[in-house]
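Please take the sequence and the structure below side by side, and follow the explanation slowly, one region at a time.

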Amino acid sequence: MDFNSKKSSVVTSIIFVCIFIGTLPITAVRAETTDEIRVIIIFDGVTPAAGIAQVTEKIGLFYVKYEYPNLPGIAATLTGGQIKALDKIPFVKGVEYDEKIVHIMLGSATVWFGVDNAVYDFDVDGDLDGLTTENGWPIYTENDIVIAIIDTGIDVTHFDLDEGKVIGWVDFVNGKLEPYDDHGHGTHVSSIAAGTGEGNSVYTGVAPGAALVGVKVIAKTGSGTISDVNAGIQWVINNKEKFGIEVLSMSIGISGSSDGTDSTSTLVNKAVENGIITVVAAGNEGPKKYSIGSPAAAENAITVGAMADVGELGFYLASFSSRGPTADERIKPDVVGPGVSLTAAEAGSTNGYVSKSGTSMSTPFVSGTVALMLHANTGLIDNHPNDIKSIIMSTAVDWGSSWDNTGKDIDYGAGRLDSYEAVKTAGNFVGTGPVVPAHEYKEDSLGGKGESDLWPYEVTDTNYPIAITLIIPDWKVVTPVKTDPDFDLYLYDPNGNKIASSLGVRRQETISVSITKLGTYTVEVYSYSGSGNYFFDISAGLGIEPPGQPALYSPADGTITNDNTPRFEWIKGSNAENHRLVVDNDPNFADGENVIDVTLITENYYDVPLPGLAPDNYWWKVCAYNAAGDNWSENTWVLEIIPAPPAQWNLIETWAGTVEAPAAWQVVETWTGTIQASAAWQVVETWTGTVSAPAQWSLIETWTGTVNAPAQWQAIETWTGTIKAPVMWRLIETWTGTVQAPAEWQLIETWTGTVEAPAAWQIVEGWTGTVEAPAAWQLIETWTGTIEAPIAEWQLIETWTGTVEAPAAWQVIEAWTGTVEATMPKLHIASIDMSKETIYRGPNAWTNAIATVTIVDADNNPVEGAKVYGHWGGLRSGDVSGVTDVNGRVTFETKYVKNASGEFTFTVDNVVLEGWIYDLEANEETSDSIEV
């Protein structure tokens, strides 16, 4: 641990720094103060009695409260060490924590602000180096994403913050060398940012794999001096490289209004200039304007206000959240995050949790989101921290009224934090975040006392609460007991009954209420006194649920195709009634002349005929529509199209130029140029040029040039050039050049050049040189040269000089000079075995699929080193590849799917191994599925 002692100079003027929790209500959720934890253990394949006996033998005695024969499982009380030991017992299927039910939890915020989906969809948690102990527990180092917490300290005896999570520490209050927290605030915010959830997985922090550095500047009384706070920031800057600090989280500050030039704000700006992304609490002095103090007013900081989440009766702006502008009229905060009743680690409890509200809570939530973004794209670590700030703000969901047409405002900043979209944008990922209740913004004015406006809303989903935030922008204090204007807020159900109201006298009125009835609800804004403007944001199950974003799959971005009818595939958008597929040669789809524009119902694919399209780049997108016609367009993908080959060519007497991929050619008398991939050629008398991959050639009397990969050649009397990969050769009397990979050779009387990969050779009478791993040799008397790889059989070779590599079958070769190398053995898919795995996180089940592909040769022996290309479909999609092991197997896993229902499908697209042929016809299967 590192520690810089405080200077002992006398502070003649002390200004206290207030932790932003104020006098807000705190609901304590305290677990037992011992290290014993109540759990439910689920067994697999053993009875509770047998499980108890075997577990006791392995981890020692423990208290059993209940047995559940039908689970099968037990309720028990174990120590933290015993719980860790359960991981090594194979028949223990799962462990759940037997905790009290609380009103709200950190897990609620991580769900509704998109953290849970981001962690599982994008496989990020802040554990950048991936180091673990032999038991699989993470090892925290400066190579992980590291968050410095300037606060009251960190209690490293709590299960969520132990095991070396705190890699650096300094105490500017008491000078202690080991981490501790004698107040509790710092432990709570540290747990929100990076708690592991080991004490209870429901309360897992935003970036549980991140490492922490603790900087204690606040005493157990909850206050401290500006000098200590500044010293803490300076210490973080000085120790950035030593501890690998990327993020600084500060849930502390001074009340009032700052212009951002004070010493603390200045040091925060310096921290950002030194490459440290700094996240600062806005404060708890709202809803009045000009309540952004120091260091929240720092220009370069990400200043965070507070909202509630759907688990706390809906998205609404916390009334206590401080508002801008700053003293110098800049817009702050920058964004608002979850800060109402977040439950996280309680200092001094070992495994207890406590609920707190404030911008102190929303700040570490944003800090944890930044850690996930850096894990998603490590390139952002070395870029300027303002890049991260820009992504946070650009992906926020816009709430409130624009301030000077900037898109930001002094209440919400850029809007509601969307952690999922922030991580997705940082990592350039594709995916869809959680479905949240609809949100609408309205603004108007009231002319005087007694006037009111009524706003009807059709509610079609009672799973979401109704939350309304009303702001009175021109509100002011007239006298100590009078404000102007004074507007009130009411909500009426479909029967006209008043179900909620907010009758305060401040700048903001708030309603949040759960509902059970569908129908038309009415919002009333009423003037108790005065006139002026107002605006409000409402969050509820309004209208029809918006459609989810469809995920594009195939053709992949940048695909080149000459297929007449390529198949466009995508994953259906949630709640989508139909889809619209659009293909255009304009990347902005702005010319109104789409190549393809078709509406489908529920299919996830469409075979599109593309007749006559010129070679070009095209772009395609899919829009999802719900029953109300709302749509969401996916990011577009580029597709290069090559026209399909012509069907047939006949009677070409003279030609100069290039032909690509004709299907059939006949009666070509004279030709100069290049032909690629013709299917069949006959009666070619004279030729000069290059031919690539014809299927069959007959009766060629004279030839000069290069032929690639013909299927069969017959009656070739004279030849000069290079031939690659013919299947069969017969009656070749004279030859000069190179032959690659023939399958069979017979009756070759004279030869000069190189032969690659014949199948079998027989009767070699004379040989001198080196032979490596031949399978069988007979009658070899003399040889000069080198033979590499196994040779199946050789006969009747009287004289030889040169190199032979792996021919399969040669017969009746009387004289030879040159090189022979390499036939290609065949491999294929023997099986695709599917399985699934389910883990439990709180009330939710997360399931992934596993596909094991086995590759064998023609004799069903496993093939090692083959690269298998495939893709997932169904509940997960995406292209994958891997290499087979010594048993011929390669395993692919999907990412986890929350509360999955449906099928995972795995399909092998190709198998590649240098020197081998992928035998499609021999495959036992190419695709398999498993249902959840």
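Predicted model: local features only at pLDDT ≥ 70, side-chain atom pairs only at ≥ 80, totals over all residues.

Ala148 has Leu248 in β10 as its bridge partner. How many of the six residues of β10 are buried? Six of the six residues in β10 (residues 245-250) are buried, and the strand is therefore largely enclosed by the rest of the structure.

With that strand in mind, we can turn to the chain as a whole. The chain has 932 residues, of which 51% are buried, and its secondary structure comes to 12 helices and 60 strands.

Several loops deserve a careful look. Two prolines follow cis peptide bonds: the bond from Gly286 to Pro287 is cis with omega near 5°, while the bond from Gly324 to Pro325 is cis with omega near 0°. Pro287 is found in the loop between β12 and β13 (302-307), whereas Pro325 is found in the loop between β13 and β14 (335-338). The loop between β12 and β13 also holds Tyr290, which has a positive phi of about 55° although it is not a glycine. Tyr290 has a relative accessible area of 35%, which means that it counts as partly exposed. Glu163, in the loop between β7 and β8 (166-171), is likewise a residue other than glycine with a positive phi, in this case near 60°. Because its relative accessibility is 42%, Glu163 counts as partly exposed. The C-alpha atom of Gly224 is separated by 9.7 Å from that of Phe172, a residue 52 positions away along the chain.

The helices come next. Two packed helices are described by the angle between their axes and the distance between the axes. Helix α4 (residues 115-122) packs with helix α12 (residues 419-427) at an angle of about 30°, and their axes are 7 Å apart. This angle is why α4 is described as roughly parallel to α12. The crossing of these two helices, α4 and α12, is right-handed. Among the residues that meet are Val115, Ala118 and Phe122 in α4, and Tyr420 and Val423 in α12.

A second pair is formed by helix α9 (residues 359-376) and helix α11 (residues 385-394), whose axes come within 11 Å and cross at roughly 110°. For that reason α9 is roughly perpendicular to α11. The crossing of α9 and α11 is right-handed. Thr369, Val370, Met373 and Leu374 in α9 meet Ile388, Ile391 and Ile392 in α11.

Two sheets complete the tour. Nine bridges join β17 to strand β26 (residues 532-540) in the antiparallel sense, and Lys442 stands opposite Phe536 in β26.

The other is also an open sheet of four antiparallel strands, in the order β18-β25-β22-β23. Because β18 (452-459) and β23 (498-502) stand at the edges with a single partner strand each, one side of each is left without a neighbour in the sheet. In this sheet, neighbouring strands are turned by 20° against each other on average, direction ignored. Strand β22 (residues 486-492) and strand β25 (residues 519-529) run antiparallel and are joined by seven bridges, and Asp486 stands opposite Ser529 in β25.

Terms used:
Residues numbered from 1 in each chain as written. Heavy atoms only, no water. Pairing = 2+ DSSP bridges. Buried < 20%, exposed > 50% of the residue type's maximum accessible area, 1.4 Å probe, protein only. Axes fitted to C-alpha atoms, helices over the stretch in contact; angles between N-to-C directions. Parallel < 35°, antiparallel > 145°, perpendicular 65-115°, else oblique. Left-handed = near helix turned anticlockwise from the far one by under 90°. Contact = heavy atoms within 4.5 Å.
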